[in-house]
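Here is a short report on one protein model.

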Amino acid sequence: MTDQLAGTGALLRLALRRDRVMMPVWILLTTLLVVSMPGSLGSVYATAAERARAAASMNANSSLRALYGPVFDDSLGALTAWRGGVYAAALAAVMSLVLVVRHTREEEETGRQELVSAAMVGRRAPLTAALLAALVADAAVAVLVAGGLAGQGAPGALALGLAVAGTGVLFACTAAIAAQLTESAPAAKGITAAVLGVAFVLRAAGDAGTEGGRSALTWASPLGWVENVRAFAAERWWVLLLFAAAVTVQAGAAYVLAGRRDLGMSFLPSRPGPAEGRLGTAGALALRLQRGSVLGWSAGFLIAGVVFGGMADGAADLVGDNDRTREIIERMGGQGGPGALTDAFLATMAGMFGMVAALYAVSAVLRLSGEESGQRAEPLLANAVGRLRWAGGHLAVAFGGSALILLLAGLGLGLGHGRGLGAAIGATLAQLPAVWLIGALAALLYGAVPQYAASAWAVAGGVLALGWIGPALNLPQAVLNLSPFAHLPRLPGAQALDWAPAAVLTAVAVALTVAALGALRRRDMIA
């Protein structure tokens, strides 16, 4: 067994060096999501009586329980665990799955693992190094969360930090299994992301139907375990044993599978041709390659839109007599008058959909990088398919797919709300210029400096952090304005609309796309 782990230390150091930018960004984003909450919640609910009323209202609202889970105590620490625990755990899971797939299946797909394995490297060393890299990142999240919330109570802070990190390690092992099952890195990420999506749905369904996190559906989800640790509310330390057991089982399965397949092979090999349907153009091929991703994002945005739309009318009831909360929500997207709070809530949700859609745009654009590094683009470009047609097909899917998923998000908001369908669709589509701008920046990075193309993830993550966490941290408006989404009109709402910034963002996106295609046309392709 020792021989099969030979070289693990060197591979771990290499992985940490390669991720020296991406990993700190993910860790910081995940940590800030949690540690920024006490200050934000404390400014909204300044007294124990206000927090107690808020907790009772939240527990009585099935939609809010589906979104965040139940509240187990009215302390600032417990409210922080309620508001940010599940979402921080989901971010840790995404970070871990990206790290593990990047250093396992992606290395095999590009051929680099074959070169590494020709040296003194054990059979299971790459998998071990990838899991250890994810463990290092998740451990850093646990330490920072526990330290950042220690003022609210050290036991609760430690429990929440361990629960968030445990979720990350668990999905790192899930990604390790997926990397053995499929030949494609995007497919491995998609499988793991689908498992995470199912976990969220199970937890949401269980919490919506039953109070107190007692539902069997909640306990069937690792995200449900996070809330049932009950950080800052008589912690249940034994729930952490569920994470340990699941990690042990999944890690063991991953190691068994890794030892029973050849390098570059998988247990679910790609189905050879002939392809069904018409693939006469580069755009049609790009759509075929990315249709699974488009369909998955579309379904997710539609369902999320329905859920958030159903919560819109309850925004005013949740606010009650809390003037501070009313002021914050109205500043987010509405002005005085009937329905102002509802409009502001819908505008805020539309903005969140836009920022998350930017992640899809980056993912779809960077499929070009995967096709090139995996040497699947070379056979295409060797025929009568130019670089611009090849890249244009993927960019069309990225930009068109962004429009589609935002359209469906608006449709879901309108259907869930029960009225204002056109206004809801217009609110989500208004986010497109900023989404396209971030996608165009990813295209420029790929076209001009392909070795830094992955930096587009840091840009999208930074924008998401500014929009999600920035207001809670009371960042200056000049800092918030670094996000392109800060310049878009807030719809629906009664305020006067200024479409000039949206036009400017669209023009910049077009210019960046043209520059990206020009840079791609001039540079050498990866050999």
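## Terms and basis

Buried means under 20% relative accessible area, exposed over 50%, and partly exposed in between (1.4 Å probe, protein chains only). This is a predicted model: local features need pLDDT of at least 70, side-chain atom pairs count only at pLDDT 80 or more, and totals for chains, interfaces and linings use all residues. Residues are numbered from 1 along each chain as its sequence is written, and side-chain values use heavy atoms, with hydrogens and water left out.

## Arginine 389

Arginine 389 lies in helix α21 (residues 387-417). Its relative accessibility is 45%, so arginine 389 counts as partly exposed. Beyond neighbours within four places in sequence, arginine 389 is in contact (heavy atoms within 4.5 Å) with Ala282 and Ala384. Glycine 283 is 106 residues away in sequence, yet 7.6 Å away C-alpha to C-alpha.

## Aromatic pairs

Rings of Phe, Tyr and Trp (its six-membered ring) pair if their centres lie within 6.5 Å; planes under 30 degrees apart count as stacked, over 60 as edge-to-face and the rest as tilted. The count is 6 aromatic pairs. Tryptophan 297 and phenylalanine 301 have ring centres 5.9 Å apart and planes at 50°, so this pair is tilted. Both sit in helix α15 (residues 282-311), 4 residues apart, or about one helical turn.

Tryptophan 297 is partly exposed at 25%; phenylalanine 301 is buried at 6%. Trp297, Phe301, Phe353 and Tyr360 form one aromatic cluster.

## Confidence

Mean pLDDT (the predictor's confidence in each residue, from 0 to 100) is 83 for the protein chain, and 88% of residues reach 70 or more. Over residues 332-338 the pLDDT is below 50.

Methods: Helices (H or I, at least four residues) and strands (E, at least two) are DSSP runs, numbered from the N terminus.
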